[in-house]
Amino acid sequence: MRISDILRVKGERVVTVSPEADVTELLAVLAEHKIGAVIVSRDGDRVDGIVSERDIVRALAARGAAVLTEPVATIHTTDVRSVTRDAVLDEVERLMTERRFRHVPVIEDGSLRGVVSIGDVVKFRIDELEHERSSLEEYITGERA
Ligand code: AMP
């Protein structure tokens, strides 16, 4: 299973936010799209960073409500780990487990092509297991499910 298989199903649409937007605007974007992280990008194509709900929680705990009027650039992560469409699912799972993050952007020739979340990975693994289970059942019983 490759990342391109996931993107084929979920699509390549990516929500981005400008580094100059303030944290209150960021909260509105997360709430509107029902997501936990946003790619930070000046032009909507190149990745300048990533910011997740955890960054907001940490900044609020450290500096209080003043954070809400600060630009996203004060709390985002700039050293972003990404994969290409050709990457296999195991590679993304390893990255998420070892680095302890739940979102990985897909970048091709410097351009943003999608985002894979831990939810996408879990969904694809469950579908894969379900498919294997029905194939085995069919093999053993000789009956189609
Ligand atoms: P998450 O688990 O995705 O909510 O993110 C946890 C922390 O890792 C936050 O500080 C994020 O900014 C950061 N983070 C999330 N995804 C990535 C990524 N692909 N590369 C680097 N840092 C990330």
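Predicted model: local features only at pLDDT ≥ 70, side-chain atom pairs only at ≥ 80, totals over all residues.

User: OK, how many helices and strands does the protein chain have?

Analyst: The protein chain has five helices and five strands, taken as DSSP runs numbered from the N terminus, with helices being H or I of at least four residues and strands E of at least two. Along the sequence the pattern reads α-β-α-β-β-α-α-β-β-α, and the C-alpha trace spans about 65 × 35 × 30 Å along its principal axes.

User: And how much of the protein chain is buried?

Analyst: Of its 145 residues, 34% count as buried, where buried means under 20% relative accessible area, exposed means over 50% and partly exposed lies in between, with a 1.4 Å probe and protein chains only.

User: What does UniProt list for it?

Analyst: The unreviewed UniProt entry lists "domain: CBS" for residues 6-67 and 76-133; such annotations may be inferred rather than shown by experiment, and the positions are in the numbering used here, with feature names shortened. In the model, residues 6-67 are 44% helix and 16% strand, with their end C-alpha atoms 35 Å apart, whereas residues 76-133 are 47% helix and 22% strand, with their end C-alpha atoms 42 Å apart.

User: Switching to the inside, which residues touch the most other members of the largest nonpolar core?

Analyst: In that core of 15 residues they are Val17, Leu26, Val38, Val51, Ile56, Val72 and Ile75; a nonpolar core here is a set of buried Ala, Val, Leu, Ile, Met, Phe, Trp, Tyr and Cys residues joined through side-chain atoms within 4.5 Å. Helix 2 (23-33), strand 2 (37-40) and helix 3 (53-63) are the elements that give two or more residues to this core, and the largest share, four residues, comes from helix 2.

User: What is Val72 in contact with?

Analyst: Leaving aside neighbours within four places in sequence, Val72 is in contact (heavy atoms within 4.5 Å) with Val17, Ser18, Pro19, Ala21, Asp22, Leu26, Val40 and Val51. Apart from this core lies another one of 14 residues, among them Val83, Met96, Val106 and Val121.

User: Which way does Ser52 go, buried or exposed?

Analyst: Ser52 is buried, with a relative accessible area of 13%, and it lies in strand 3 (residues 49-52). Beyond its neighbours within four places in sequence, Ser52 is in contact with Gly36, Ala37 and Arg102.

User: Where is Lys34, and what about its phi?

Analyst: Lys34 is found in the loop between helix 2 and strand 2, and its phi is near 55 degrees, a positive value in a residue other than glycine. Lys34 is also exposed, with a relative accessible area of 76%.

User: And Asp109?

Analyst: Asp109 lies in the loop between strand 4 (103-108) and strand 5 (111-117), where its phi is near 50 degrees, again a positive value in a residue other than glycine. At 75% relative accessibility, Asp109 counts as exposed.

User: Last one, what sits over the ring of Phe124?

Analyst: The charged end of Lys123 does, 5.5 Å from the ring centre; the rule asks for NZ of Lys or CZ of Arg within 6 Å of the ring centre and within 35 degrees of the ring normal.

Note on methods: Residues numbered from 1 in each chain as written. Heavy atoms only, no water.
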